[in-house]
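User: I would like to go through this model and ask what stands behind each label. Please set the values against the criteria as we go.

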Amino acid sequence: MRILVVEDEEKLAEILVRGLKAEGYQVETALTAADGLDLVEQSHYDLLLLDLQLPDYSGTALLRKLRQQRHDLPVLVLTARADLESKIENFDTGADDYLTKPFAFAELLMRVRALLRRGPAIKSSLLRVADLELDRLTHQVRRAGQKIELSPKEFSLLEYFMLNAGRALSRSMIIDRVWDQSFEGLTNIVDVYVAQLRRKIDESFEPKLIRTIRGLGYSIEGDAE
Ligand code: CA
């Protein structure tokens, strides 16, 4: 198991490296966010221990970049900032766990083991089509950065569309998957829900993402994908 420690306090980094190596992990360190990013891009790590206050740019910014580039390794954030807002911001960005400094090494080790057991869980959490984002973990939907409120059924419908982006989906496929049963003769319920969804995610945005496929059903497509 390979662990990357991005931490600019050299003394703390040393303690972490020594302790983790003693437990049999392979450990590498970076003292800046930029070096951390380079290392993750160049090689494979099973876990990232990430300090938030780094000399070049913040750990949060590094985390955001990694997630945007679809690096799905588990991330344990280490920071002295104990305030709730910063915790929420980092969880939203894709941190898997959080440890406030100073911490006991035994606690760090416990969390490291738990995260390594779990593996990359973030992988399929964020779905993207053009500037539309759907987070399967937090159930948040955003278009062009704007939060969009969906009902549970609208969310399931959009999730199914986005999991199958670019693919034509018939009304009966949609009924089977989103309503978990077949509504013989009731396929117009799909049209009703798609109309509602369009009002929320397409009406005030360009380009329109949901397409009607004549005689069949619908698909969602973004220009970029
Ligand atoms: Ca620091």
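User: From which domains does the lining of the largest pocket draw at least three residues each?

Analyst: This is a predicted model. The lining draws at least three residues from domain 1 (2–118) and at least three from domain 2 (126–220). The C-alpha centres of domain 1 and domain 2 lie 36 Å apart.

User: How many residues line the largest pocket, and which are the closest to its centre?

Analyst: The largest pocket has a volume of about 760 Å³. Its lining has 29 residues, and D92, T93, L126, E133 and D135 are the closest to the centre. Two or more lining residues come from each of α3 (59–68), α4 (84–93), β6 (126–129), β7 (132–135) and β8 (141–143). The largest share, four residues, is that of α4.

User: What is the make-up of the lining of the largest pocket by class?

Analyst: There are 13 charged, eight polar and eight nonpolar residues in the lining. Asp and Glu count as charged, so D92, E133 and D135, which are among the residues closest to the centre, belong to the charged class.

User: What makes D8, D51 and Q53 donors of the calcium ion?

Analyst: The criterion is distance: for Ca, an N, O or S atom has to be within 3.2 Å of the metal. The OD atoms of D8 and D51 and the O atom of Q53 lie 2.1 to 2.3 Å from the calcium ion, so they meet the cut-off. The spacing of the donor residues in sequence is D-x42-D-x1-Q. Water is not among the atoms, so the site may look incomplete.

User: Why is D51 called buried, and why is Q53 called partly exposed?

Analyst: Buried means under 20% relative accessible area. D51 has 2%, so it counts as buried. Partly exposed covers the range between that cut-off and 50%; Q53 has 48% and therefore falls in this class.

User: What makes the 27 residues of the largest nonpolar core a core?

Analyst: Each residue has to be buried and of a listed nonpolar type, and the set has to be joined through side-chain atoms within 4.5 Å. The largest set that qualifies has 27 residues, and L158, F161, I174 and I220 have the most contacts inside it. At least two residues of this core come from each of β6, β7, α6 (152–163), α7 (171–178), α8 (188–201) and β12 (217–220). The largest share is six residues, from α6.

User: Is L4 buried or exposed, and in which strand does it lie?

Analyst: L4 is buried, because its relative accessibility is 0%. L4 lies in strand β1 (residues 2–6).

User: Which omega values stand behind the cis label for the bonds from K101 to P102 and from E206 to P207?

Analyst: Omega is near -5° for the peptide bond from K101 to P102 and about -10° for the one that joins E206 and P207. Most peptide bonds are trans. P102 lies in the loop between β5 (97–100) and α5 (105–118), while P207 is in the loop between α8 and β11 (210–213).

Definitions and conventions: Residues numbered from 1 in each chain as written. Predicted model: local features only at pLDDT ≥ 70, side-chain atom pairs only at ≥ 80, totals over all residues. Heavy atoms only, no water. Donors = N, O, S within 2.8 Å, 3.2 Å for Na, K, Ca; no water. Buried < 20%, exposed > 50% of the residue type's maximum accessible area, 1.4 Å probe, protein only. 1 Å grid on protein atoms, 1.4 Å probe; cavity = no way out; pocket = protein on both sides within 12 Å on 5 of 7 lines; lining within 4 Å. Points joined across faces, edges and corners; volume = space filled by probe spheres on them. Domains from an automatic or database assignment.
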